[in-house]
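The sequence and the model are shown first.

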Amino acid sequence: MTQHRYVNESAEVYDAIVVGSGITGGWAAKELCEKGLKTLMVERGRVVEHRKDYTTEAKPVWEYPNRMKVAKKLIDEEYAIQQQCYAFHDGTKHFFSSDKDYPYHTEPDAPFSWIRANQLGGKSLLWHRQSYRMSTFDFEANAKDGHGNDWPIRYEDLAPWYDYVERFVGISGNADGLPQLPDGIFQPPFEMTAPERDFTALMKDKHPDKPVIMSRCAHLTAPQKIQVDLGRMQCMARNECQKGCSFGAYFSTQSATLPAAARTGNLYIAPNSVVESVIYSEQTQKAVGVRVIDNDTLEQREYFGKMVFLCASTLGSTQIMLNSTSKRFPTGIANSSGVLGHYLMDHNYNAYVTASIEGYEDEYYIGRRPSSLYIPNFHFEPKRYHKAFKRGYALAGSAARADWQGLGASDGFGTSFKNMLHNPGKWGIGLGAQGEMLPNRDNQVQLHPTKKDKWGMPQLSINCKWSENETLMMEHAAEVSVKMFQDAGFGDIHANVNYAPPGLAIHEVGSARMGRDPKESVLNGYNQAHDVPNLFVTDGASYCSTGVGNPSITFMALTARAVDYAVKEFNAGRL
Amino acid sequence: MQSQNPSRRTMLKRMLLGLGLCASEGVLLNNAVAAAMSYDAATSQTGLFTLQERAVLKAICECVIPRTDTPGAVDVGCTEFVEHQLLVVFSADTQQDCKSVLQSIYQRSAIDTGKSFELLTTDAQIALLEKLEAMQQPFSQEQYGPFKQLKSLIVFGYYTSMPGATQELTYQAVPGRFVGSVPYADIGSAYSSKDYY
């Protein structure tokens, strides 16, 4: 397999520059390289090589000094924000960025948890891998209920690109035939446990509007040639993905898009290169490259390209754009609309309900499943909206047996206590909400006027809050989950609604949105900047609404589609 | 701790053989050895407990998970692990709460029996701890919470130790696939291996 080449100083004018190497950057680079463009991928963090740099993979828990827990001193000093992420532990912390090195500003009344993963592969190494297409209803929601601007595309525009990326990524799931959750190109779904199967069947009868399905995730359950050719293999059901997976069983930049891009011979990578701004030529009115600060030496250098794809994550790309000022764009590149930085959104995960399930003592399972039960949004069009709030939410969760960790504080001592813990405990089930957040101009990121990070970049100042709509939605999600559990005959039902600030879904989107009207949006329907034809932003910044599903598969489809358009325009001499 | 290296080595070897990737085995194994060598929990951080508190804790460890046909909590180093974990992972408040509850147990034993807790028979030790768990006088919520914390830590230390994880329960490093429904008898114990601990 042809290798990519690492670049430091370079005076070359590349056909394309891709900023970022996560899910979106990996896809942009793969598509550009495969279409024959000499492409430079610029990554602010260190190199992480597939397999070689998964330093904690397969390391058993007893070999960690703190048995997977992270030292309090280290958390207090460097990871107070990052440690809020469920996947942060002693085996993954090296893939999260230190809060100390990556400061950002929030007002006291508007906390925001910005989870960072600045290395080659970005958050593609850490993501939760759940993969749901946005539906016709999601793309129409803004137009129909008047919140936010109309998406300039519809489901039909993206459907072939979903097909395209899913075929490559490998999505495990079932074709469920639901209007609110379009089916895709699937490999076999993971199995349900016995109580989950019965719950699913029972809800079909008692809550026919809330079908329970197996979640869809980017894991290979029946690898195809397109994946095997890249050295990828079937999922081993370890569910320790965030340590890195040498089987390449879950989709990441390292397992999939990077080797695909590298084998074209067109991929060049500039690691440790913190993009400070996009260089804009007043003369040609185009982007001509990027200005970077060396991650280690803090020296400045520039890279040049005929087009620039910003794929640095929603907030990362927005920060770069805001910092790319020029005579024509005094408030940030491609910001003639003044919309850049506004309409930041995240998903709301603030409701969770648990219950216990009697029986099934003879039932157990093998392996650790990387998927869950999933109940797609059932408020998916205005006529189905609840009277108290707009839009909707999905529910996700699993049934499993209690174990020694959950039972550790139980009463008892001696051999009988040890024998009790020898066996798994009762079955329990949980359902958590994943709610949509309405687009709101006041939810904004700006550059802080005085605070800078160690690279001299103005810090982002994030001001983003839930509205009453999201809070009411969470309360409703908890009520519905309770009702479903009651109807299933489950006991010990506990509903939790909390008010954690935005950010922790790690689905931030919207701060450089698409739109038909250049006066109210930054990007057109092909993720191309209205104002700068050779500048594309294909990560979550381009979103007009959150939809309900996990967004990464849509980032991929948008990116592949945008590259296809960009290369056609490039070849026609229009970029 | 060097004796623990082969486990990861074996797992990696098995994985790598499956991958057909023996060429890079050296790299991974070097990482594994380096990581394992850096672990010395028993001596790395001590100094939270007094000798007396440590003696009480050791006795509690044996009461919670005794040696049977598999090692017990003391055998696998839970006494040292709990102290290490409290020092490194937990807050100063939790550390003090745990010290206090050990002192309470020591004092209760001394008052009731004239003996240090660790010198009581196992039955007498358990009887005293059962009183604490039932919050019977003179124990109250003040001791109950910290004691449960301590107990959870002992349990955590035991089942995340290699003997606890592999001899007492079923440790699946590489399950190979997910099967949603199997008779429990086919597995025969709870899993010690988890996706998140």
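Two strands are taken to pair if DSSP finds at least two bridges between them. Helices (H or I, at least four residues) and strands (E, at least two) are DSSP runs, numbered from the N terminus.

The model is predicted, so local features need pLDDT of at least 70 and side-chain atom pairs count only at pLDDT 80 or more, while totals for chains, interfaces and linings use all residues. Residues are numbered from 1 along each chain as its sequence is written, and chains are lettered from A and ligands numbered from 1 in the order in which they are written.

**Interface between chains A and B**

In chain A, 53 residues are in contact with 61 residues of chain B, contact meaning that the C-beta atoms of two residues, placed from the backbone, lie within 7 Å. On the side of chain A that touches chain B, at least two residues each come from strand E15 (363-366), helix H9 (404-407) and helix H10 (414-422) of chain A. The largest share, six residues, is supplied by H10(A). Sorted by class, this side of chain A holds 22 nonpolar, 13 polar and 18 charged residues; Ala, Val, Leu, Ile, Met, Phe, Trp, Tyr, Cys and Pro count as nonpolar, Asp, Glu, Lys and Arg as charged, and the others, Gly among them, as polar.

Strand pairing also crosses between the chains: E15(A) pairs with strand E1 (residues 179-183) of chain B. Within E1(B), B:Val179 is the bridge partner of A:Ile366.

**Strand pairings**

| Strands | Bridges | Sense |
|---|---|---|
| E15(A) and E1(B) | three bridges | antiparallel |
| E2(A) and E12(A) | two bridges | parallel |
| E16(A) and E17(A) | three bridges | antiparallel |
| E17(A) and E19(A) | four bridges | antiparallel |

**An open sheet in chain A**

In chain A, four strands in the order E2-E12-E11-E10 make up an open sheet with mixed pairing. Strand E2 (13-14) and strand E10 (273-281) of chain A are at the edges with a single partner strand each, so one side of each has no neighbour in the sheet. A:Tyr14 has A:Gly305 of E12(A) as its bridge partner.

**Strand E17 of chain A**

Strand E17 (residues 393-397) of chain A is mostly covered, with five of its five residues buried; a residue is buried if 20 or more other C-beta atoms, placed from the backbone, lie within 10 Å of its own. A:Tyr393, A:Leu395 and A:Gly397 point one way from E17(A), whereas A:Ala394 and A:Ala396 point the other way. A:Gly397 stands opposite A:Leu373, and A:Ala396 has A:Gly432 of E19(A) as its bridge partner.

Notes. A residue is buried if 20 or more other C-beta atoms lie within 10 Å of its own, exposed if 12 or fewer, and partly exposed in between; C-beta atoms are placed from the backbone.
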